[in-house]
Amino acid sequence: MPMFGLGTYQMDDHDECVESVRTALEMGYRHIDTAEMYENESAVGDAIAESDVPRDDLFVATKVSPDNLDYDHVLTSAEESLDRLGLDYVDLLYVHWPTGEYEAADTLEAFAELREEGLIEEIGVSNFTVDLLEEAVDVAEEPIFADQVEMHPLLPQDELREFCAQEDVDVELVAYSPIARGDVDDVDELREVAEKHDATPAQVSLAWCREKDVTAIPKATSRDHLRENWLSLGIELDEEDVAKIDGIDREERLVDPDRAPWNG
């Protein structure tokens, strides 16, 4: 999995989504993240089809909605996502939220079947707490490859990162909203590190995720923002930078629906 990608949440205008994804692919992005709930899989698929990038060079991820997480619905939902994307397989299929029809053994059994059939390469979960991820790892017939969660310097997910890094867990962490929807621009510590590196706070936040061995998938629609995020790959933070960012005394969770497991 490329450790940097493009998120497509709220890219619900078909033409805009196609243009953004196509531009990202031209720029060098190779990891594209979408979801059944985003209602833009067709646009993502059209952009991929219009691109000159070989399928084998791409890493495409999508997610099954909470209402489609019982065994039969998972199988149907995955087939429908593949049809909309115009692909024979996706590299990673996530459980979008551990709510709705989600039941660990039943849901993950269906995901395992999809993997055995070659329709998905890897199994992922999203918005899972340590307890839910531990349960999933224990009951899944096939390995859990990744957990996608909100993560940025204002929500560093220390406990979850530590759990995922355990040798008997070995789950990749993928960060959505890695620049806190722009809120990182107002954090003094990030502004100071950004000035040192002649960068932006957003670029520093993305570089910080990389220092934590976390894959960031920032959303961007304009060419300028896509480019700004892409250039973060050239930023190397030193220990002093990371320590300053780790010391931020502020916590902010942006995605916090009542149904979220941490609110249960």
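**Aromatics, core, helix and pocket**

Modeller: Tyr-102 is buried, and so is Phe-128. Buried means under 20% relative accessible area, exposed over 50%, partly exposed in between, with a 1.4 Å probe and protein chains only. This is a predicted model, so local features need pLDDT of at least 70, side-chain atom pairs count only at pLDDT 80 or more, and totals for chains, interfaces and linings use all residues. Residues are numbered from 1 along each chain as its sequence is written, and side-chain values use heavy atoms, without hydrogens or water.

Colleague: How many aromatic pairs does a search of the whole structure find?

Modeller: The search gives 6. Rings of Phe, Tyr and Trp (its six-membered ring) pair if their centres lie within 6.5 Å; planes under 30 degrees apart count as stacked, over 60 as edge-to-face, the rest as tilted. Tyr-102 and Phe-128 are edge-to-face, because their planes are at 75°, with ring centres 5.4 Å apart. They link distant parts of the chain, 26 residues apart. Tyr-102 is in the loop between E4 and H4. Phe-128 is in the loop between strand E5 (120–126) and helix H5 (130–139). Helices (H or I, at least four residues) and strands (E, at least two) are DSSP runs, numbered from the N terminus.

Colleague: And His-96, buried or exposed?

Modeller: His-96 is buried, at 6% relative accessible area. It lies in the loop between strand E4 (90–95) and helix H4 (104–116). Leaving out residues up to four places away in sequence, His-96 touches Lys-63, Pro-66 and Asn-127, among others. Contact means heavy atoms within 4.5 Å.

Colleague: Switching to H8. How many of its residues are buried?

Modeller: Helix H8 (residues 201–211) has 9 of its 11 residues buried. Trp-208 and Cys-209 are among them. The cover includes strand E7 (172–176), helix H7 (188–196) and helix H10 (239–246). Just after H8, Asp-213 takes a positive phi of about 60°.

Colleague: Which residues have the most contacts inside the largest nonpolar core?

Modeller: Phe-111, Leu-133, Ile-144 and Leu-237, in a core of 79 residues. A second, separate core of 12 residues includes Trp-97 and Tyr-176. A nonpolar core is a set of buried Ala, Val, Leu, Ile, Met, Phe, Trp, Tyr and Cys residues joined through side-chain atoms within 4.5 Å.

Colleague: Last one. What class of residues lines the largest pocket?

Modeller: Its lining has 12 nonpolar, 12 polar and 7 charged residues. Ala, Val, Leu, Ile, Met, Phe, Trp, Tyr, Cys and Pro count as nonpolar, Asp, Glu, Lys and Arg as charged, and the others, Gly among them, as polar.
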